[in-house]
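Subject: A structure to look through

Hi there,

Here is the structure I promised you. Please open it in your viewer and keep it beside this message as you read.

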Amino acid sequence: MIWAISWVISPVINDTIYKGDTCPGTAVHSAMLGIPSNYACADIMFAFDLTGSMSGELSYAQANASAIMDSLASSISDVRFGVASQADYPNSYSYCSYSGSYGSGGCGDYPYSLNQPLTYDTALVRAAISSLPLLCGSDAPESYARLLWEMLNDASIGWRTTCARFVLYWLDNIPHGCDIYDPTRPYSAYTGTDPGRDALAGTSDDIYWYPLLRNLRTNGIKPIILVSASSTTYLTWWQYWMTDTLANGIAVVRGTAIARQIDSLVGSTALTIDTLRPVVREAAYVSWVTFTPPYYAGITLTPPEDTFNFTITFNVPASAPSGLHTFHIDYYRDAILVDSQLVNLWVYDCTAGYDDPIAVWENVKEGKILIKGTSIYVPDGLVVHIYSADGKRIGVLNSGTHNLSKLGKGVYFVYDVKGGKTLRVIVR
Ligand SMILES: [Ca+2]
């Protein structure tokens with residue numbers, strides 16, 4: 001298989017735009033974006049339900065952790081792993097038409113723990129998985145909502161926004177959550193509230209299930225639910241919750257060739273994209289830029305990669321200050337930032353009245369340097385450097401007469417090395 005990385009054909013756009021009078025104040029560029037059908041990088045969190053019924057699953061995961069990581073690392077060249085776990089809140093609650101002892105304090109139950117932040121060090125990850133204890137969990141529903149909510153809110157996890165993000169979740173039951181009870185949906189049950197970080201039912205940080213699922217999707221955290229091989233009762237519930245209008249993840253029964261199964265599941269997600277979209281990063285410049293098309297949707301990639309073209313039109317408003325304007329265009333594959341372009345736009349006021357192909361906007365004569373029509377005269381003993389508007393030196397002129405029309409249209413700076421003077425020249 002060919003492994004590639006996302007790319008955009010020009011990492012930097014430099015242009016000069018004249019606005020006002022008869023000048024249009026616009027410029028048109030094109031961008032070609034290459035999107036490979038596999039991930040250049042990924043961050044993968046292993047998540048475990050540690051409650052009693054998960055005993056066999058936990059042993060299986062511990063025995064296969066190295067094989068799973070080796071397999072993923074052979075498919076994705078830059079991959080990091082981490083570990084999180086839960087049992088349940090070690091309290092009793094009576095809320096949302098449900099009463100129960102969620103978990104056991106005596107057993108050491110906890111609703112969420114980050115056991116290992118994302119790291120390249122697979123030995124650390126293997127050690128974290130091996131040391132996970134088997135806990136209790138009391139009632140049947142568990143704090144799955146809390147763990148998934150922490151995937152969005154625990155900054156210590158260390159997700160990279162430029163990489164694919166997965167939660168490989170080993171579990172066998174359903175979450176606490178007031179809105180799990182909803183008779184308009186195909187799967188519905190009273191499971192109480194998930195009380196959130198304050199562990200108090202009915203406060204503002206209680207976690208609601210359906211908004212959580214959508215937040216996972218829009219923030220690019222893709223759950224892959226590995227339902228226990230010994231308890232598949234809730235497989236169809238999880239499959240519903242992972243549908244593309246909710247979490248847009250995957251729910252399967254944990255198989256017996258687990259390393260290959262996980263590698264295949266992760267790889268399969270790389271083939272499809274909901275939306276591929278360019279976004280102007282800085283809010284002040286959003287109105288300056290139009291993309292055609294605005295985005296691509298419903299993409300299925302053909303290996304090894306597909307390319308996508310965008311026409312970028314810059315429209316500089318008449319009120320824009322003259323000078324250099326710098327901003328970025330970010331390209332998002334769903335919630336993964338796959339590439340960026342730096343934009344340098346030199347904006348100048350356009351002054352009418354220069355019909356000749358080359359005109360000098362100011363300082364026709366400065367010192368002994370003379371710019372006239374299409375030529376520049378450099379007297380004996382002087383040296384002139386010519387800079388483009390973005391600051392690159394593009395020429396050195398010794399004494400004599402030189403033709404400026406070779407430069408092409410644009411704004412240039414002529415620097416008199418000995419006299420220390422800078423002249424601005426606009427070539428039209
Ligand atoms: Ca429980």
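Predicted model: local features only at pLDDT ≥ 70, side-chain atom pairs only at ≥ 80, totals over all residues.

Look for an open sheet of six strands in the order 9-6-5-10-11-12, with mixed pairing. At its edges stand strand 9 (113-119) and strand 12 (250-253); each has a single partner strand, so one side of each is left without a neighbour in the sheet. From one strand to the next, the twist averages 15°. Strand 12 runs parallel to strand 11 (residues 221-227), and four bridges join the two. To find your way there, look for Ile 224, which stands opposite Ile 250 in strand 12.

Helix 2
Which residues of helix 2 (residues 122-130) are buried? They are Val 125, Ala 128 and Ile 129. Viewed down the helix axis, the buried residues of helix 2 fall within an arc of 95°, so they line one face of the helix. They pack against strand 5 (41-49), helix 1 (55-75), strand 6 (78-86) and strand 9. The face turned away from that buried side carries Ala 123 and Ser 130, which are exposed.

Helices 3 and 4
The axes of helix 3 (residues 144-153) and helix 4 (residues 209-218) come within 10 Å and cross at roughly 35°. The crossing is left-handed. From helix 3, Ala 145, Leu 148, Trp 149 and Leu 152 meet Trp 209, Leu 212, Asn 215 and Leu 216 of helix 4. Seven of these contact residues are nonpolar, one is polar and none is charged.

Enjoy exploring!

Best wishes

Definitions and conventions: Residues numbered from 1 in each chain as written. Pairing = 2+ DSSP bridges. Axes fitted to C-alpha atoms, helices over the stretch in contact; angles between N-to-C directions. Left-handed = near helix turned anticlockwise from the far one by under 90°. Contact = placed C-beta atoms within 7 Å. Nonpolar A, V, L, I, M, F, W, Y, C, P; charged D, E, K, R; others polar. Buried ≥ 20, exposed ≤ 12 C-beta atoms within 10 Å, placed from the backbone. Arc of directions from axis to C-beta.
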